[in-house]
Amino acid sequence: MHRSIASAAAMVVLAAALVACGGSDADNAKTAPTKGASSSDSAKPGGEQTSKATPTGTQQVGKLGDTLSLEGMPGLSSGGTVTADVTLNQYEDHAKPSLDAFQAAPGHRLVAAKFTILSTGEAAYGDTGNMGAKLVDSTGTVYAAKPGSPTIGDSFDLTLNVPPGEKVTGWVIFDVPESAKITAVQYEMDAAGLGLNLDERAGKWTID
């Protein structure tokens, strides 16, 4: 009787050990750290980042002049939807700064993109003026915007607050290496609050 109980206990312990070993391997496979944009983004002078653009099928894509309908976070005060029709109106591959302080870094050139944002949701769209805008080059490198204005027009305000039915238009400027071939412009809603590069909140316009 005692021997049977002891044998049964041994079998339970052995089975538990086997499950633990198998479960550990599975857990390791599931929780192995991945290198995402948040861990690999390392800003360099001129706004260049080391992250690579990896859009998914949820991201809206258009071309210069197209309007893309994007969705942001719900309004903090009203809880209403925050959506916007974003248009890439113009793109300047070799822009000139309105002030010397906005000059590109040595070995870089200034690039400018002009957007129109029409608020179409139930709540106002509030964001930074340029943080949601990015460039992508032919190698997949992503470039963040920087403060400043080009000579061809005024930049967005530092902060945006666009009530439903209203729109704003402004330029965003970037530093990119002289040799970089820009292939796309992106705009992500609520980039300042999220910082997650969520494709469902971003639009992408291809540049020929």
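Asp190 counts as buried because its relative accessibility is 9%, where buried means under 20% relative accessible area, exposed over 50% and partly exposed in between, with a 1.4 Å probe and protein chains only. This residue is found in the loop between strand 11 and helix 3 (191-194). The side chain of Asp190 reaches the backbone nitrogen of Met73 at 2.5 Å.

The model is predicted: local features need pLDDT of at least 70, side-chain atom pairs count only at pLDDT 80 or more, and totals for chains, interfaces and linings use all residues. Residues are numbered from 1 along each chain as its sequence is written, and side-chain values use heavy atoms, with hydrogens and water left out.

The protein chain has three helices and twelve strands; these are DSSP runs numbered from the N terminus, helices being H or I of at least four residues and strands E of at least two. Of the 208 residues in the protein chain, 39% are buried. Among contacts (heavy atoms within 4.5 Å) with a separation of 6 or more, 71% are between residues 24 or more positions apart.

In soluble globular proteins, nonpolar side chains tend to be buried together. A nonpolar core here is a set of buried Ala, Val, Leu, Ile, Met, Phe, Trp, Tyr and Cys residues joined through side-chain atoms within 4.5 Å. The largest such core has 29 residues, and Phe115, Leu135 and Tyr187 have the most contacts inside it. At least two residues of this core come from each of strand 3 (67-71), strand 4 (83-92), strand 5 (108-119), strand 7 (133-137), strand 9 (159-162), strand 10 (167-177) and strand 11 (182-188). A second, separate core has five residues, including Ala95, Leu110, Ala112 and Trp171.

Aromatic pairs come next. Rings of Phe, Tyr and Trp (its six-membered ring) pair if their centres lie within 6.5 Å; planes under 30 degrees apart count as stacked, over 60 as edge-to-face and the rest as tilted. By this rule there are two aromatic pairs. The rings of Phe115 and Tyr187 have centres 5.4 Å apart and planes at 50°, so this pair is tilted. Phe115 in strand 5 and Tyr187 in strand 11 are 72 residues apart, and both are buried. The rings of Phe115 and Trp205 have centres 5.9 Å apart and planes at 65°, which means that this pair is edge-to-face. Trp205 lies in strand 12 (residues 202-206) and Phe115 in strand 5, so the pair ties together parts 90 residues apart in sequence. Phe115 and Trp205 are both buried.

Conventions
A polar contact is a pair of N or O atoms within 3.5 Å; within protein, one must be able to donate a hydrogen and the other to accept it, and residues adjacent in sequence count only if both atoms are side-chain atoms.
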